[in-house]
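Happy to walk through this one with you.

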Amino acid sequence: VDAGNVAAAEEKVAEENDADDDVDDANDDADDNDADAEDDGDDVHDDAGEDANDEADEDVDDGADDADDEADDADDDAGFDANDGANDDAEDDAEDDANDADDEAGNDANED
């Protein structure tokens, strides 16, 4: 066996091993880049979902606020209606009392 041929063969094997290592490193880098891109895509997707959820929450809150406002308005209207009714009753009672007093004064005048 020629020592020169053995050394050349060993050098060639070492070069092939280095080339294999380079390919493995390149594949690892590509896998890392794919994973990073997938993570970035997931982050964008999550952000979009959070934005959509935030928007939906705001819509629900706005709807609840509107419903509260409408309930408050209805409550106010009911209060006004009740007050109007009470005022009408009080006015009717006062008018009846005035008429009764007027009738009584007329009766007293007639009696005199």
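Q: How many helices and how many strands does the chain have?
A: Let's start with the secondary structure of the predicted model. No strands are found in the chain, as their count is zero. The helix count is one.

Q: What is the radius of gyration of the chain, and what does the globule rule give for 112 residues?
A: For 112 residues the globule rule gives 13 Å. The chain is well over that value, so it is more spread out than a compact globule.

Q: What percentage of the 112 residues in the chain is buried?
A: A residue counts as buried when its relative accessible area is under 20%. The chain as a whole exposes about 9300 Å², with carbon and sulfur atoms supplying 41% of that area. The buried share of the 112 residues is 0%.

Q: Which accessibility class does Gly 79 fall into?
A: Gly 79 sits in helix 1, which runs over residues 3-111. Its relative accessibility is 28%, and the class between 20% and 50% is the one that applies. Gly 79 is therefore partly exposed.

Q: How many Å separate the C-alpha atoms of Asp 69 and Val 13?
A: Asp 69 is part of helix 1 and, at 44% relative accessibility, counts as partly exposed. Along the chain, Asp 69 and Val 13 are 56 residues apart. Their C-alpha atoms are separated by 83 Å.

Technical notes. Residues are numbered from 1 along each chain as its sequence is written. This is a predicted model: local features need pLDDT of at least 70, side-chain atom pairs count only at pLDDT 80 or more; totals for chains, interfaces and linings use all residues. Side-chain values use heavy atoms; hydrogens and water are left out. Helices (H or I, at least four residues) and strands (E, at least two) are DSSP runs, numbered from the N terminus. The radius of gyration is taken over C-alpha atoms; the globule rule is 2.2 Å times the number of residues to the power 0.38. Buried means under 20% relative accessible area, exposed over 50%, partly exposed in between (1.4 Å probe, protein chains only). Accessible areas come from the Shrake-Rupley method with a 1.4 Å probe; for residues, only the protein chains shown count as cover.
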